[in-house]
Amino acid sequence: MGIKILQQSKGQRQKAQAYIFFAKAADLGNLKAMEKMADALLFGNFGMQNITAAIQLYELLAKEGSYKAQNALGFLSSYGIGMEYNQAKALIYYTFGSAGGSMMSQMILGYRYLSGINVLQNCEVALYHYKKVADYIADKLEKSEGIPVEKVRLTERPENLSSNSEILDWDIYQYYKFLAERGDVQIQKALYYFLKAAKAGSANAMAFIGKMYLEGNDAAPQNNATAFKYFSMAANKGNAIGLHGLGLLYFYGKGVPVNYGEALKYFQKAAEKGWPNAQFQLGFMYYSGSGVWKDYKLAFKYFYLASQSGQPLAIYYLAEMYATGAGVLRSCRTAVEKRLKLLKKRRCIQWHFSCGIELPFKDIHLARRLYDMAAQTSPDAHMPVFFALVKLETMHLLRDILFFNQFTMRWKWIKLDDTLGQYWDLFAIGLIVAMLIYLLRNRYG
């Protein structure tokens, strides 16, 4: 109940109500609810921050085998937040977390072994941990063919619907697909606009309608025959997405008998037009020997072409080829780099944090501790740390003021941070100089 409310909530009040349900479920011993409550206590959701209570809850969950709790305790131990700073314990927590199935723990261990942080540097062990995460993501991607790899305009200039030129692109298709998965009725609007654009002659719209029927949703129930019809209409206009769609139908035998020859033909036509998903499919056919002789050189060629447009599965299989030495000179480092590229493409904030790219949240207390550690490490860091702390405390104060002032809550405090960004130090220096001038004038003026 709480998770459903949290997913559908738009306001703070609804989210707070969800956490009330989590608290009740946690009291009854529900592990998932206890994990939610521990996270809320750690990150201070809705003014509930209590790091000590969060740690107690995580320790209780860890004894019950919660890999999320193991991962959280590893993180807290590694930074000394609310508990003793102990990298050895952190490593143990992360190891148990990864064994329990925590992708974040796998990423952290991969990064530690790659960089030699509190462990002996070992590329092969790092590759092993990154492979676990990459396999998990690739499995999800292979179950969903609709991967947004580049923007595609639904209506090109010669196909204007009206003077307003109703433009829909690949991102909008994905957005409506996401709404459909959540049960949102707006998927009906997507089909309406696609049908309208298709009627006006848009090949992309025809292809998107084909994808909707291929995947199935409330507005367009799964129907291979209808998908074939619209893909064919788009393909007849030379549309790459339509050609690729027909290739998929023949490759997987959806609504038509499996025919690798036809699939290969359509994939090649779509790939020649630069469609990355088709380039990936060609690479996969040659990599797996599906309907063609295995040819790792051709597989590498098409995977590489698709990867240049950011096709995630192509990046995944390139990493596999470098990891195993299939068709290329084996390179552990290159395989790791490819897998990291795949994880970055998926834009998972938590995993970005784990591989040392960025933090998963803005935590004032953690930031203060890290700045203190930097100042203690080198005397040269004192001045930069001072200005960083000025920024941190100013933003913290502004956030508190805006949070408690209902009238000004609509002014998003984060926008100020985005506006000043890297110039905060100059702003702070200017402010200090202005204050000094003012004080000197008052004294000697």
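1. Before anything else, a term: helices here are DSSP runs of H or I with at least four residues, strands are E runs of at least two, and both are numbered from the N terminus. Asn118 is not a glycine, yet its phi is positive, about 60°.

2. A word on what you're looking at. This is a predicted model, in which local features need pLDDT of at least 70 and side-chain atom pairs count only at pLDDT 80 or more, while totals for chains, interfaces and linings use all residues. Residues are numbered from 1 along each chain as its sequence is written, and side-chain values use heavy atoms, with hydrogens and water left out.

3. Now the overall picture. The chain has 23 helices and 0 strands. Of its 445 residues, 44% are buried (under 20% relative accessible area, with a 1.4 Å probe and protein chains only). The chain exposes about 24500 Å², and 56% of that comes from carbon and sulfur atoms (areas by the Shrake-Rupley method with a 1.4 Å probe). Take the contacts (heavy atoms within 4.5 Å) between residues at least 6 apart in sequence: 47% of them join residues at least 24 apart.

4. H7 (residues 103–115) and H8 (residues 123–142) pack at about 150°, with axes 7 Å apart; axes are lines fitted to C-alpha atoms over the stretch in contact, and angles run from 0 to 180 degrees between N-to-C directions. That makes H7 roughly antiparallel to H8 (the term covers angles over 145 degrees). The crossing of H7 and H8 is left-handed, meaning the near helix is turned anticlockwise from the far one by less than a right angle.

5. Who touches whom here? On the H7 side, the residues include Met103, Leu109 and Tyr113, and on the H8 side Val125, His129 and Tyr136 are among them. By class, the contact of H7 with H8 has 11 nonpolar, 3 polar and 1 charged residues (nonpolar is Ala, Val, Leu, Ile, Met, Phe, Trp, Tyr, Cys and Pro; charged is Asp, Glu, Lys and Arg; polar is the others, Gly among them).

6. One more pair is worth a look. The axes of H5 (residues 67–79) and H6 (residues 87–100) come within 8 Å and cross at roughly 160°, so H5 and H6 are roughly antiparallel to each other. Their crossing is left-handed. Contact residues include Tyr67, Leu73 and Phe75 of H5, and Ala90, Tyr94 and Gly97 of H6. The residues of this H5 and H6 contact divide into 7 nonpolar, 8 polar and no charged.

Note on methods. Buried < 20%, exposed > 50% of the residue type's maximum accessible area, 1.4 Å probe, protein only. Parallel < 35°, antiparallel > 145°, perpendicular 65-115°, else oblique.
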